[in-house]
Amino acid sequence: MRVIEILAPPPATPTGASPPSLTQGATSQQVVLTGTPAAGSGFYDTGPGFSRLEVAIGGGAGVTVTNVAFNGPTQIMLTLDVSGSAPIGPRTITVTNPDGQTATSASGIISVEGSAPGIAFSSFRSASGRPL
């Protein structure tokens, strides 16, 4: 008896993220991940309603993948949450197809930026001291 294991092609290599940066504290941010296929590679899923692609963000804590949606062999949609204390800097993205094969991006495909400081106004007063 001969046993043959048939695997899907490995994932496409993640090469682009749109938007390419996220701000500390951002929630439910949708990011389109684009992959470059080589030698038959591509993102692979088992069918509608059965998303089994896994995505991990590397290069620092604080970025959580909350949803992965298969759009095609070179594109997936990610929903990401970024904690307010996530370290600023570049990240990698690793995609794992349902059969366990992985592909990892170069560092910096997506990055975390500092949150914009808020501007607070307590009150405005005229030159004579009266509130405006």
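G16 stands opposite T34, a residue of strand β3. The model described here is predicted, so local features are reported only at pLDDT of at least 70 and side-chain atom pairs only at pLDDT 80 or more, while totals for chains, interfaces and linings use all residues. Residues are numbered from 1 along each chain as its sequence is written, and side-chain values rest on heavy atoms, with hydrogens and water left out.

Four strands form an open sheet in the order β1-β3-β6-β5, with antiparallel pairing. The edge strands are β1 and β5 (63-72), each of which pairs on one side only. On average, neighbouring strands of this sheet are turned by 30° against each other, direction ignored; axes here are lines fitted to C-alpha atoms (for helices, over the stretch in contact), and angles run from 0 to 180 degrees between N-to-C directions. Strands (E, at least two residues) and helices (H or I, at least four) are DSSP runs, numbered from the N terminus, and two strands count as paired if DSSP finds at least two bridges between them.

The pairings can be followed strand by strand. β1 and β3 (residues 29-36) run antiparallel and are joined by five bridges. Here P14 has G35 of β3 as its bridge partner. β3 is also joined to β6 (residues 75-82), again antiparallel, by six bridges, and V31 is partnered with L78 of β6.

Next comes A12, found in the segment before β1 (13-18). A12 has a relative accessible area of 0% and is therefore buried (buried means under 20% relative accessible area, exposed over 50%, and partly exposed in between, with a 1.4 Å probe and protein chains only). Leaving aside residues up to four places away in sequence, A12 touches G35, T36, P37, S41, G42, F43, P73 and A103, where contact means heavy atoms within 4.5 Å. A12 and P73 are 61 residues apart in sequence, yet their C-alpha atoms are 7.4 Å apart in space.

Q24 counts as buried because its relative accessibility is 18%. A polar atom of the Q24 side chain lies 2.7 Å from the backbone oxygen of A86. With residues up to four places away in sequence again not counted, Q24 touches V82, S83, G84, S85, A86, I88, V112, E113, G114 and S115.

Definitions and conventions:
Polar contact = N/O pair within 3.5 Å; in protein donor to acceptor, adjacent residues only side chain to side chain.
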